[in-house]
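Biologist: Hi! I'm new to this one, could you walk me through it?
Modeller: Happy to, here it is.

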Amino acid sequence: MSSVTAVSRRLTFHGGTLFNSLLYTLPVRQVVVVRRSSVLVCRREVRNIVGVCGGVLRAPQSTVSATMAPIITNNLPPSQLVQEYIEQNKVMIFSKSYCPFCHRVKDLFNQLNVHYTALELDHMDNGLEVQEALAERSGQSTVPNVFINGEHLGGADKTFETHEKGELLPLINKSDHDYDYDLIVIGGGSGGLAASKRAADLGAKVAVCDFVTPTPKGTTWGLGGTCVNVGCIPKKLMHQAAILGHDMKDSREFGWETPEAITHDWNKMVEGIQSHIGSLNWGYRVALRDKKVTYLNAYSTFIDSHTLKTVDRRGKEKIVTADKFLLAMGGRPRYPDITGAKEHCITSDDIFSLPYAPGKTLLVGASYIALECAGFLAGLGYDTTVMVRSILLRGFDQQMAENVGAYMEKNGIKFIRGAVPSSVEQIEEGTPGMLKVTATTSEGEEITDEYNTVVIAVGRDPCTSGIGLENIGVEMANACMVMENY
Ligand SMILES: Cc1cc2nc3c(=O)[nH]c(=O)nc-3n(C[C@H](O)[C@H](O)[C@H](O)COP(=O)(O)OP(=O)(O)OC[C@H]3O[C@@H](n4cnc5c(N)ncnc54)[C@H](O)[C@@H]3O)c2cc1C
């Protein structure tokens with residue numbers, strides 16, 4: 001059932017146009033539609049509906065639910081009416097429309113984006129009797145009188161105190177299943193970490209599964225995913241290293257007596273960058289611990305739609321279950337299907353921790369990853385060449401892309417245009433060794449050259465294969481994208 005269906009069914013149920021127009025005159029705060037993997041959430045929240053006694057809306061409520069809660073008639077005996085409201089609403093506020101404490105409590109739930117139902121006792125003919133029944137039921141004779149998941153919470157003070165202790169959302173979002181977790185996030189990169197911490201803030205019991213499959217060269221890294229370990233962060237730090245070298249040369253013109261011959265130590269730079277990344281990895285672990293998110297450093301595969309098999313680096317298997325899963329596995333560099341690619345070449349997954357200076361380097365590809373790596377390598381003083389199949393920066397404004405290319409050439413980076421590698425052969429072992437690269441041009445001509453290092457940057461594939469999505473009935477489109485309906 002689509003979210004839109006859920007809303008329109010409710011409108012019909014309540015009596016067509018009258019309810020419809022009433023609804024539109026209300027201050028509708030927001031309509032939240034969240035696409036789902038197994039549950040659709042659709043919510044229309046109204047901040048303060050004025051109580052309507054005995055009208056089309058049978059009872060005065062402050063929120064409108066799209067979950068089709070049964071209508072409660074005010075003709076019930078007060079104690080039964082109270083009981084019905086408590087049972088049928090996850091967050092139930094017995095309130096009075098003029099009570100400032102009631103307003104504060106409702107404002108709090110609105111701020112937290114929590115759907116609640118409020119019964120305004122002063123708008124009811126039998127409001128006093130209902131309040132007495134409420135006092136008998138809860139031992140509290142004042143309003144607001146708040147119930148969560150059928151349990152009495154208390155008044156305004158107790159509600160705020162519970163919120164300040166960070167216990168309100170967990171109380172509301174208490175799970176009603178027997179799985180190990182409410183949510184397991186697969187992938188501890190920027191996306192997975194942010195989502196898991198937010199879900200924990202909202203009261204969910206969460207685990208994050210993160211495992212880095214080593215590159216063909218054996219490179220691996222810690223928690224935090226691509227950006228922090230082998231992406232944005234080390235890349236910017238290597239750019240910074242290159243920029244500092246330029247600045248030192250420029251500084252002579254500004255009176256600094258910088259020595260003519262300045263040298264750069266690749267290993268020292270890598271050591272500094274890796275130690276910075278190590279501190280970030282640790283910070284992410286601490287942040288998960290602080291939010292009570294369980295970190296499972298293991299590769300996960302679906303067994304069924306609520307069960308994962310996780311395998312850690314020692315091969316130890318564990319079965320974990322969850323009500324919901326969030327896929328945030330990111331992507332990994334693609335290798336071309338040519339002789340020697342995986343054996344002799346590296347990718348951006350290896351370069352930021354490369355334990356030796358790369359020397360004369362060929363970058364295969366014209367993506368931002370290829371060009372950025374070429375930029376800092378040349379800036380650090382390495383002989384740098386980029387092999388481009390067709391155009392630079394596909395998908396970017398081509399005038400800008402060509403300007404970038406021209407600027408790079410001006411700064412000493414060589415380009416081989418209209419060529420793709422056909423083989424990479426090791427002609428000398430070492431760190432770095434020497435590689436012979438053979439390539440074919442668009443005219444069919446064969447060209448060769450020798451490089452110390454070849455960095456492949458011809459695109460990235462999402463990590464959706466091999467995790468058992470077929471076991472949970474998820475179909476793929478274009479070989480790797482998860483279809484929208486799941
Ligand atoms: C060289 C480079 C430079 C970049 N520069 C920038 C930049 O400047 N600005 C920018 O915005 N973006 C940049 N990006 C892109 C950015 O890094 C990514 O978009 C971002 O990191 C993706 O985050 P994610 O959470 O989706 O996935 P990832 O960060 O890739 O995290 C996914 C995690 O899931 C793990 N995983 C996968 N499958 C499983 C499984 N089955 N079980 C357990 N764990 C699994 C992976 O090992 C990984 O740790 C750059 C990328 C690269 C490669």
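Biologist: What covers the buried residues of α3?
Modeller: First, this is a predicted model, where local features need pLDDT of at least 70, side-chain atom pairs count only at pLDDT 80 or more, and totals for chains, interfaces and linings use all residues. Residues are numbered from 1 along each chain as its sequence is written. The cover includes β3 (91–95), β4 (117–120), α5 (127–138) and β5 (145–148), with contact meaning C-beta atoms, placed from the backbone, within 7 Å. Helices (H or I, at least four residues) and strands (E, at least two) are DSSP runs, numbered from the N terminus.

Biologist: And which residues of α3 are buried?
Modeller: Pro78, Leu81, Val82, Tyr85 and Ile86, in a helix spanning residues 78–88. Because they cover an arc of only 130° around the axis, they sit on the same side of α3; the arc is that of the directions from the helix axis to the C-beta atoms. Buried means 20 or more other C-beta atoms within 10 Å of a residue's own, all placed from the backbone.

Biologist: Nice. In which sense do β3 and β4 pair?
Modeller: Parallel, over four bridges; pairing takes at least two DSSP bridges. Isoleucine 93 stands opposite alanine 118 in β4.

Biologist: Switching topic: how many residues surround the ligand?
Modeller: There are 27, and the closest are Gly187, Gly189, Gly225, Gly231 and Gly330.

How values were computed:
A residue is buried if 20 or more other C-beta atoms lie within 10 Å of its own, exposed if 12 or fewer, and partly exposed in between; C-beta atoms are placed from the backbone. Two residues are in contact if their C-beta atoms, placed from the backbone, lie within 7 Å. A residue is near a molecule or strand if its C-beta atom, placed from the backbone, lies within 6 Å of it.
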